[in-house]
Amino acid sequence: MTKVTMTVNGRAVSGEVEGRTLLSAFLREGLGLTGTHVGCDTSQCGACVVHVDGKAVKSCTVFASDVDGASVATIEGMANPDGTLGRVQQAFQDHHGLQCGFCTPGMVMSAAALLAENPKPSEADVRHYLEGNICRCTGYHNIVKAVLAASGQDVSGMAAE
Amino acid sequence: MYAFDFEKPKTVAEAAAALAREDAMPLGGGQTLIPSLKQHLAAPSALVSLTGIAEMRGVCTGDDGALCVGGATPHAAVAADAAGKYPALAALAGNIGDPAVRNRGTIGGSLANNDPAADYPAAVLGSGATIVTNNRAIAADDFFEGLFTTALEPGEIIVEVRFPVPERAAYAKFQQPASRFALTGVFVAKTADGVRVAVTGASEDGVFRWAEAEEALSENFSADAIAGLSVSAEGMVGDLHGTPAYRANLVKVMTQRAVRSA
Amino acid sequence: MPKDHGIGASVKRREDVRFLMGLGKYTDDMAIAGQAHAVFVRSQVAHGRINKIDASDAAAMPGVLCVLTGEDFKDVGGNPTGWLINSRDGTPMREPKRPALAHGKVRHVGDAYAVVIAETYAQAKEAAEAIVADIEELPAIVDMAAAVADTSNRVHDEIPDNLCYDWGWIEDNRAAVDEAIRNAPHVTTLELVNNRLVPNAMEPRASIGEYFPGTGDYKLTTTSQNPHLTRLLIAAFVMGIPENKLTVVAPDVGGGFGSKIYHYGEEAVVLTAARKLGRPVRWTAERSESFLSDAHGRDHVTKIELACEKDGTFIAFRTETMANVGAYLSNFATVTPTFLHGTLMAGPYKVPNVYVNVKTVFTNTAPVDAYRGAGRPEATYSLERVIDKMCRELGLDPFEVRRKNFITTDMFPYTTPVGLAYDTGDYHATLDKAMEMADVAGFEARRAASAAKGKLRGMGLSTWIEACGIAPSHLVGILGSRVGLYDAATVRVNATGNISVMTGAHSHGQGHETVFAQIVADKLGVPESSVEIVHGDTSKIPFGMGSYGSRSLAVCGSAVTKAIDKIVAKGKKIAAHMLEAAEEDIAFENGSFTVAGTDKAKSFGEIAFSAYVPHNYPLETLEPGLEETAFYDPANFTYPAGAYICEVEVDAETGKVDVAAFHCADDFGNIMNPMVVEGQVHGGVGQGIGQALCENTVYDENGQLLSGSYMDYAMPRADDVPFYNVDYSCQTPCTHNPLGAKGCGEAGAIGSPPAVVNAVIDALQRGGHTHVTHIDMPVSPARVWAAIQG
């Protein structure tokens, strides 16, 4: 076991991990941050996406030891300081961008990473960027709409309000 | 995953020393290795992470004008930092996997793994790049030795990849619908010395150069130049995503599309 | 202004807040003190005889607490199937035992034959590899036709021809249909495959078993769509423990789509192990396990014939289907290809003669059961594809042919030749609406624009109907169901006036917490914020049958409505007492009980408080308390219907199909929350496009699953689908439930696959590839390209 130290959602944390401990396991089991989900074992579904030093990564495919010292952001850190839903979260609620909620944390984290890189993405940009996040409930319609709305774009004209 | 020791050296020399241990394995971005460790397909004694080695990260221009990519540079960094100098390479890197994979996966890891459907081998072979390790420089034509096999010795580390920048180049990829790897991807590069055409995803032997197309395109760099060529289905991959004949068709179609967009 | 609350309003979902904050609690999120970890050992061969399992090395490994094998469960009951189907000759179906862990034989890759429980997951996983199983491999039975033909090779030794049943519906129609087809001016025949799908709820299955020795109580926390049914099956059939000593909790569940309706062996195993060890035992599937062991969907091989007049007037449909049931009978496996499929083979059409024959076959593959739509997508696909082919053969307009054959509004109630009594509908209206949405007249210009880009464009139509809101118990009982299919709700008005509603339905994405609260608040005239929906815990909720088959609103929502009616009736009694008026003079409106013709009134909150502080109640005639339970058993199925139009672009060089536009005009009856309805349609269409274009479950001849991960099973991604154009303004409310609601959960998955495939064929035909009359799903790039090559 070795000790890792990182900043998670602005809070300094540390814990003992094995070499094989994945970041997702460290977050879920070590820190009790179970908002980050694990939906596959081939690094494809994206339910586990978090930000490491500002970049989206699949936390099930990163060792905790490999991000020792990093700053990590998870879904639990996406709310506003007053506890209300953050901008991307609020857009997902407003536009029904989630149903069962399981893929949602990864979707929100990927969407936030996209908007950080590209503040006014096109529909095609959003669809392409979310290639690594699988949702089985929504058919993606309202997810794409929510991300566009979170970017401040008018989505009222999109098919089927 | 089986238990292993985790090491994260700061220099290439330290990494080489760590990899001297029996059954130690290098860890690039881990985007392929970690899923295979989960399946118990490997049991390393130690994983030596290469992501903390500053000298192996980043994109720069060499004295000879080549674009030099550090072996531990993630795809996203290549997509961003090579865009001005070598847009075809940047575009290829920017379409590997998905954004989260691109933030972790590295060029060195991809090349050392040599997945027959990976994108980077096409760029490296198509560009006639040089793979620089901690021991030597290996020409792309000598590097790829078939499925998941390369000229690398055990413990040898890809420190840098040097890409001569062609006059024109492009990569055209047809995605496997599930994995999003290349069902067939073709990298075309035109240089003063001629044209190189490298194909990934299609062949049972991994990435290869399509000699007839190179010859025809060196004469006349246009999609029409290869209209009359045909690709044999023999030796092409057949699986649930496509027959050998389908992949043979894609080799030609994707080559033409790459030429058109180069 | 659209409504902002109550029935019909697009109220934002309250459950979203916890999901978006990362505060949902799914089964795997729960850490329980003292928990041990289970890893199942699964067969790597499709078919084999278990000679010996040697767990001695594994049991001695670090951290291992115990190893259980099929031997430990051989004397306990099997997991039963819920529906008895009789063959055409009157004999009952063959029903093999389905043990919690395989015993004697393994019957599919992924069939669990042992489990290791250890202190940590990693220890259990390593020990699982140390189990030495002497399994004599037998030839795998994969192909259905071969399975039935070869009586020497058997999935279950006692079933000689691997046939579960040979079912005819309706057998009395058979001769007339044969005769009609023989004599028809035109017969179109189509042989097709309805591809096997893996449901792929994003949350893998997971279960935690607990045992409390002080009371002898068990608790199972599990990923279930219907906790009460799971409890019943475990208690009454599998483990033989008293039902009242077992609590089943289905907490937040990350999607189901049918795959989490069923009881699975892992649930009984973790409970058994928890009792044996005196510790909580948990298991979460890896995705690769899910692929191997979740119940799959569809997998029909079908020949359908359509007999018609030269003008396209339908005379008869005749269908012969082989349905793959996999290695064991999952809980709804026998009804899905029969009564959920054959009874829909008249579609929304006034066709006089229909006959369906279904042979359901055991194979060495994972069990197959209901997946979103369950039988009805198979029926719709067969019908809508063969109609499309007939139109092409006779040079008829596919829109006009549907119109000509639709049941008309003056014909309801309408009994079909396959036994359903449609209560209401307006199929012309939804078709007209879909055509308007799709701008059918503008297609040629869009086709030309696609052609200019080098793409072939096509348009495909599908008109669909389903029977959902399952189901009338009296009817399903006649048809062989071993359960009733009512649902239940308890409305508890608390002393402070807020309300807890306990539902038998379970929400795993559908939004019940919001939508049921809208209904309750609307009917009781209270704020939605004062209504809490409780679901998923058998210790709290009444015995309901859970959520599947688009039944939550139509059946459980009706139970909620009935319970509210009882609350109002009781409230009137209380108000009559408090206001010193006659009960029949009390009116209830906008949350207030009033005495008709006076200004005397009591608010809902005052009545509630009084109910729990009954200081001067006439106890002979008025009980304290304000809590009512209602069970609702529907009088009929509900019959949502609609028309879908898809446009695709095909890249003929690569065979790649892009969905350019998708239009849905549906009739769901009355709508409670439009936003949620749209979401349900989007999701269903997304899955239907997935089935049509990319998803496929492929076993090789040895029964190995080739598409066993997201590397090879192509899930639709955001860039595979367009924005969908959804309309539900055509509303013919259900005539027999109090909400007038029909159900919308499965619609998209039922109506969309044939629309997509019809569009692809249309594109190829218009592009000159006139030899292509059918491509089996998934219409993948490789298949389209191969079809074009001829």
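Guide: C:Asp487 and C:Arg551 form a salt bridge, with their closest N and O atoms 2.8 Å apart; the term stands for a side-chain nitrogen of Lys or Arg within 4 Å of a carboxyl oxygen of Asp or Glu. This pair joins distant parts of the chain, 64 residues apart: C:Asp487 belongs to strand S19 (residues 487–493) of chain C, and C:Arg551 to the loop between strand S21 (531–535) and helix H15 (552–579) of chain C. Helices (H or I, at least four residues) and strands (E, at least two) are DSSP runs, numbered from the N terminus. C:Asp487 and C:Arg551 are both buried, where buried means under 20% relative accessible area, exposed over 50%, and partly exposed in between (1.4 Å probe, protein chains only).

The model is predicted, so local features need pLDDT of at least 70 and side-chain atom pairs pLDDT 80 or more, while totals for chains, interfaces and linings use all residues. Residues are numbered from 1 along each chain as its sequence is written, chains are lettered from A and ligands numbered from 1 in the order in which they are written, and side-chain values use heavy atoms, without hydrogens and water.

Also in chain C, the side chains of C:Arg446 and C:Asp439 meet in a salt bridge at 3.2 Å, N to O. C:Asp439 is partly exposed, because its relative accessible area is 40%. Both residues are part of a salt-bridge network that also links C:Lys453, C:Arg457, C:Glu647 and C:Glu649.

In chain B, B:Arg247 pairs with B:Asp239 in a salt bridge whose closest N and O atoms are 2.9 Å apart. B:Arg247 is buried, since its relative accessible area is 3%, whereas B:Asp239 is partly exposed at 33%.

Between chain B and chain C there are four salt bridges. One of them joins the side chains of B:Arg180 and C:Asp720 at 2.7 Å, N to O. On the side of chain B that touches chain C, helix H10 (residues 244–261) of chain B supplies the largest share, eight residues. In all, 23 residues of chain B are in contact (heavy atoms within 4.5 Å) with 22 residues of chain C. The two chains bury about 1800 Å² between them, 56% of it on carbon and sulfur atoms; buried area is the accessible area (1.4 Å probe) that two parts lose on being put together, summed over both. B:Arg180, B:Leu240 and B:Tyr246 supply 29% of what chain B buries against chain C, more than any other three residues.

Over all chains, the whole structure holds 77 salt bridges.
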